[in-house]
Each structure stands twice: as C-alpha cells, then as structure tokens.
Amino acid sequence: MDDGIVIVGGGLAGQRCAETLRREGYDGPVRVVCSEPRRPYDRPPLSKGLLAGRHEVGSLAFRAPDWYARNSVELLLGVAATGLRAAERKVELSDGSSLAYEQLLIATGGRPRPLPTLTGYDNVSVLRTLDDALVLRDVLGRRGERLALVGAGFVGLEIASTARALGLEVTIVEAAPSPLHGVLGPILGSWFARLHEDEGVTVLSGRTIERLEAGRGAVRALHLSDGHVVAADHVVVGVGTDADVGWLAGSGIETTAGVPVDADGRSRLPRVFAAGDAAATFDPSLRRHLPGSHWEAAARQAARAARTMLGLEPVPAPAPSFWTDQYGLRIQYVGRSSATDSIAIDGELGSRNFAATFSRAERAVAVLLVDRPRNLPAARQLIERGTP
Ligand SMILES: Cc1cc2nc3c(=O)[nH]c(=O)nc-3n(C[C@H](O)[C@H](O)[C@H](O)COP(=O)(O)OP(=O)(O)OC[C@H]3O[C@@H](n4cnc5c(N)ncnc54)[C@H](O)[C@@H]3O)c2cc1C
C-alpha cells in the first residue's frame, strides 16, 4: 500500500500543502496530524478581530468540515507527533501509534518563547492558539483593567491596540530601546512607540523586569530595572516565538532555529520537507537560514514544498512580506531590512501615512507602508528589482 504524504501540523502551512497536493492532481493518501483538537484555522485574527469580538470562532477555519471528506484529506486531530524515525520513514504519535510515509512535511509552526520569571501565574498568558485568544478575550472584556504587555513585537502591539479600543489601561515593557527595534531599527521603532503613546499606551522601552510583586498565584506588579513599578491585573508575555520542533530531537535533523531547508522546502533528510514557522529557509542573498514567522511565507513555502514533492517546477518566490493592523491602520512590509545603511521617507514620519524605503549599498531591500495599501504592488516590484 502507498503510505502517501503525512503532514505534521495542521496550521496554515499544513493546510496549504494539502490543498496544493490535491489541486495539482495528487491522488495518494494525505494525512494531517495536529496536536490541536480543531480543524486548521487562521491565526492573524486572534490578535485582531477575534480579540475585539468582531470575528466568531467558526469564521477562522480555513475550510468547511466537508472539504476534508470531499478531498480525501484525513485529519488526525488532538494527536501530537512525538518522534521521527527517518530511516524507517515513520512518525511516532502521542497515542503510542506510528504513521508510515512516502514523503513528510514538517509544519508544526512556532510556540511562544517562555519567560521563566513570569511562568506559573494565573493571570499571565501568551497568544498563539485559539484557546489562548479566548482566555485573553475574556480579560479584554473587563473595561478599565490594567494590562501589562511584556515584549513589543507585532503580536504584542496588536494586542495593545485592541485592548485600548476596548478601554483597558495598557503598559508595554520592552527590553530593546524601542518597539520592533530588531526588525525596523530605531527610527521606525520610535514611530511605533509614538503611535501607541498617542493612543494612551504607556511604552517603557529599554527596561527589563527586575522582580515581581505577586500574591495568591497572581502577579500584582512588575518592578523594572529603572525603578518603575507597573501595577497589573493581567500580564501578556510576547517575547518572540521559537520553532516548535522539540519533537524532532534525535531524528538527525538539526533544529536550533527551525528545520533548515532549501528554497523548495527540502530538509537534509531524504523525503522530509518543512515549511512555515517550523522551517528555517536558506536565503541566498544573506547566505544563511532564516526562521519563519509570517503568514505569507508559510503559505508560499508550503505550496512550493507540495509541488516539489510531486516533482513539479517551482513557482518563482516573491519578496517576503507581512502585514499588521494597529489602531485602524494597515501597516505592510516587503523585503528584509537587516544590515541596511539608509532609509528614505516618502510622506511625513510624524504622520500616519508614509512609506519608508530601506536600502543597502544604494539597493532598495525593504519597504514599510503605513496606511498605503495601494502602494504594495509597486513596493513589491521595487524590492524584487532592487533598483530605485
Ligand atoms: C496572534 C497572531 C497574529 C498573527 N498575525 C499575523 C499578521 O498580521 N501578519 C502575518 O504575516 N503573520 C501573522 N501571524 C503569523 C502567522 O499566523 C504564522 O506565521 C502562521 O500561522 C504560520 O503557520 P504554520 O502553519 O507554520 O504554523 P501554525 O499556524 O502555528 O500551525 C502549526 C500547527 O502545528 C501544531 N503542532 C505543533 N507541534 C505539533 C506536533 N508535535 N504534532 C502535531 N501538531 C503539532 C500546532 O498546534 C499548530 O496547530 C500571527 C500569528 C499569531 C499567533
């Protein structure tokens, strides 16, 4: 019997791989193993519409239940992969069974990086899954509560924006000199700080947590390195995401920052592919593997890996991109701004409508668009061509 294709992880990448396989005419078995008990759903609304109460839980699923039956895609939900025996082409599962495969996609995504100081308290949470979002939605329903966000990444900033709209008091604590400092640098990081401050958020950058005040299993206040005390009813930790690949220990795959793969999603093990936040894709321009953390890359890589599994020509990869929604603004980003030497602003940096172009050696390598969605195709073209 044909063991077919096994997809471990039923998020965006897993779903896209299954869809692409069927669309391209693959008619062998496709099985998706996912530790979450829900059929594949979309995560971006978790920090936006779902948290704000605009989206219902049911609207997040990628496909209706009958899509899986009609397309002969078998979902094994609420079961985790616990190991990979690549020489035998088998994935071990948490229920004690194992699944044989002809080809395997690793699509187990990411998990929030833990912050040991804040682990084990009832009023401290993270946001990665729908269940996490439902917990947080309850908290955000309590108008006037004091919310402390530790970490000013995109998800943390979106939670801040939603929480302010719902009338909570919000404080952001960030160790770097400004929000998003590592991704966008100081100038645009400061723009994000101002955006949030103008909306009534207290942004405390360049500070770390020195100690906690806690009682009855809950955090009451964060004491910061500069002496600041942040009183809180609830704390959300958003200090980054790590590839969820611990289950691959001992499999022969190196997983320090995700499964290293080539541009077509091939890992170093035969018949084993990876895509999405669990993968670290080789970037020829930077000459290293970069871990994933964005929607568009996860969708594209999974479709490309599926085509490679079927021996089809790869579709050319567009420039990487992502978006975030904060205070009603659509903010989009194309390219990669690491190691840039100049930024050109079209518009006013003091406003909420501008485009920032990052260059390296006079070559445009990234564009940030604030409330200019119509400029996205031109920005994409600019980055793909590289010339101003
Ligand atoms: C709150 C939030 C908001 C976001 N907003 C944006 C945005 O605005 N723009 C943007 O570009 N990106 C955004 N992202 C990022 C985007 O959603 C991710 O990049 C994308 O979901 C990655 O897809 P994935 O399939 O690789 O991983 P995931 O969607 O995380 O799916 C992985 C699945 O694998 C399961 N799994 C893990 N381990 C195992 C195991 N051992 N066995 C079986 N199953 C396992 C997980 O439970 C999960 O269901 C956001 C992410 C979050 C959490």
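Is Asp242 buried, partly exposed or exposed? With a relative accessibility of 31%, Asp242 counts as partly exposed, where buried means under 20% relative accessible area, exposed over 50% and partly exposed in between, for a 1.4 Å probe and protein chains only. This is a predicted model, in which local features need pLDDT of at least 70 and side-chain atom pairs count only at pLDDT 80 or more, while totals for chains, interfaces and linings use all residues. Residues are numbered from 1 along each chain as its sequence is written, and side-chain values use heavy atoms, with hydrogens and water left out.

Asp242 forms a salt bridge with Arg113, the closest N and O atoms being 2.9 Å apart; the term stands for a side-chain nitrogen of Lys or Arg within 4 Å of a carboxyl oxygen of Asp or Glu. Because Arg113 lies in the loop between β8 and β9 and Asp242 in strand β17, the pair ties together parts that are 129 residues apart in sequence. Strands are DSSP runs (E, at least two residues), as are helices (H or I, at least four), numbered from the N terminus.

A second salt bridge joins the side chains of Glu24 and Arg307 at 2.9 Å, N to O. Glu24 lies in the loop between α1 and β2 and Arg307 in helix α7, so this pair links parts 283 residues apart in sequence. Glu24 is partly exposed at 35%, whereas Arg307, at 16%, counts as buried.

Five strands form an open sheet with parallel pairing, in the order β3-β2-β1-β7-β19, pairing being assigned if DSSP finds at least two bridges between two strands.
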